[in-house]
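Please have a look at the model on the screen, and I will walk you through a few parts of it.

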Amino acid sequence: MTQHTSRLGFERYLSICIYMPCMCVLNSPHPLHFHSQARRGMPQTVCPAAGTMFTPSGFNPHLDEGGPPITSASLDTLIQHLVPTTDYYPEKAYVFTFLLSARLFISPPELLARLCETCIKQQQLDQMRKFGPKILQLLTEWTETFPTDFREEKMVGLFKDIIHRIAPCDEAYWKTLSQVLQTLNQKLAAIAQGEECIVKVNASSVSSISDKLVAFKTKSPPIQKEMLSICNDPYTLAQQLTYIELEHLSHIGPEEFVQAFVQKDKLDSTQPCFSEQKKKTTNLEAYVRWFNRLCYLVATEICMPAKKKQRAQVIEFFIDVARECFNIGNFNSLMAIISGMNMSPVSRLKKTWGKAKTAKFFILEHQMDPTGNFYNYRTALRGAAHRSQTANSNREKIVIPFFSLLIKDIYFLNEGCANRLPNGHVHFAKFVELARQVGEFMTWKQMECPFETDRSILHYLHTAPIFSEDGLYLASYESESPENQVEKDRWKALR
């Protein structure tokens, strides 16, 4: 896994997630005991029966109250059951599931236009007073959960058209709709601001990559700061890493998970609902870049010190940081640290590893072992999720999943099940499972970080120079000489 994700593209990252057991190099003298995955019982490769699937709210969406869960239906039927009437409103689970998946079959503006047509019909039937509160509720749910759908001028125009049809019925409607629109604008402004920050952070991160070994080892005092000089407390660093993780998660919209895997369905005769330009996965890609940066930062910090004792000290420090991340519930930073420590330039430092105390590392290895489809990790994740639901303290409510495994699960769900059945019906059972996985993630990402921020640590994590892969190898060979001809040839080429 390299740090050049922005250049490789998101598709390259997905292929890495899919075909590698995890994002780390397993050549350590203290390797992660990762074995080939047991293929039986891999839920992400098979589309489960509808009866076994649960939406974020804990139940299966139905077309009719008290009826069986939906497994498939025509697109028109599904749209019909999204639209409220004077005496009907769809289950919240159904609204989320349909709005998440419908973009594969009908664009958000087209769907909103259908709602607008319904408003016109209700207005003609003089039913708007009864219909208004329910369409208002649907619009509120839509704007709160999928605000980026309303970035298009066409969407805003349709939204305002509906407002002008509902508002005259009751002054309270106008007030509520104005609040919904105001909240939407605030959300969109926050999203735009977040994307600007992503651009700035990405620019500073790219500029900090070094292709050649900086001559810091022969200079005194050092020309580059090290992590331990900025923060020597593992718990504090784990807290700051958690802040960065939650900040990234807060910007990821549920629609990005769908748009990341958009492809032409063989059984779908319609055209894709959005072009490559509209397949926005900006925040997903930024989160991937952050994971890669943390991997390389950990490896850089270990390879940088000139003395073996100092390198061993850094290894022990990051083991403690990883353990604190596990205790917090920050599994993504945990895996990034483990991945960085298992990169080949680090793992080959046998003398350094021999000097470090690594007993705690074996516990972390066990927790992230991919055997049985990451059974140990998934068990720990369920424990963290349960703790989050019952916790009184915000610090115990944090759940940050190992992101590439979540992406991998969603990928296999998408690949294992067609979007449409041979009869042309939408395979809704697939999208109920997708909504369950994405909905669970959306619950976790709403958590506000309870830790105080340390700007100096955050600045270092975002901007500290990191070595490229070649730079890491060169630093590694400078620390411990090449042991075989392959390493000697590579060292010669790098120098």
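Let me start with a question: leaving aside its neighbours within four places in sequence, which residues is leucine 237 in contact with? With contact meaning heavy atoms within 4.5 Å, leucine 237 touches Met227, Cys231, Phe317, Phe318, Val321, Ile457 and Leu461.

Before going further, a word on what you are looking at. This is a predicted model, where local features need pLDDT of at least 70 and side-chain atom pairs count only at pLDDT 80 or more, while totals for chains, interfaces and linings use all residues. Residues are numbered from 1 along each chain as its sequence is written, and side-chain values use heavy atoms, with hydrogens and water left out.

Now the overall picture. The chain has 23 helices and 2 strands; these are DSSP runs numbered from the N terminus, with helices being H or I of at least four residues and strands being E of at least two. Of the 495 residues, 54% are buried, where buried means under 20% relative accessible area, exposed over 50%, and partly exposed in between, using a 1.4 Å probe and protein chains only. If we take contacts between residues at least 6 apart in sequence, 78% of them join residues at least 24 apart.

Back to leucine 237. Leu237 belongs to the largest nonpolar core, which has 135 residues, and together with Phe98, Phe257 and Met341 it touches the most other members. A nonpolar core here is a set of buried Ala, Val, Leu, Ile, Met, Phe, Trp, Tyr and Cys residues joined through side-chain atoms within 4.5 Å. Helix 12, residues 282–303, gives this core its largest share, 12 residues. There is also a second, separate core of 5 residues, including Tyr473 and Leu494.

Next, charges. Side chains of opposite charge can pair when their charged atoms come close. We call it a salt bridge when a side-chain nitrogen of Lys or Arg is within 4 Å of a carboxyl oxygen of Asp or Glu, and by this rule there are 12 salt bridges.

One of them pairs arginine 114 with aspartate 76, at 3.3 Å from N to O. Arginine 114 sits in helix 5 (residues 108–124) and aspartate 76 in helix 3 (residues 75–82), so this pair ties together parts that are 38 residues apart in sequence.

Another salt bridge joins arginine 103 and aspartate 149, with the closest N and O atoms 2.9 Å apart. Are these two residues buried or exposed? Both arginine 103 and aspartate 149 are buried.

Salt bridges that share partners join Glu433, Arg436 and Glu440 into one network.

Finally, a pair of helices. The axes of helix 5 and helix 6 come within 10 Å and cross at roughly 165°; axes are lines fitted to C-alpha atoms, for helices over the stretch in contact, and angles run from 0 to 180 degrees between N-to-C directions. Helix 5 and helix 6 are therefore roughly antiparallel, since angles under 35 degrees count as roughly parallel, over 145 as roughly antiparallel, 65 to 115 as roughly perpendicular and the rest as oblique. Where they meet, the residues include Leu111, Leu115 and Cys119 in helix 5 and Phe131, Ile135 and Trp142 in helix 6.
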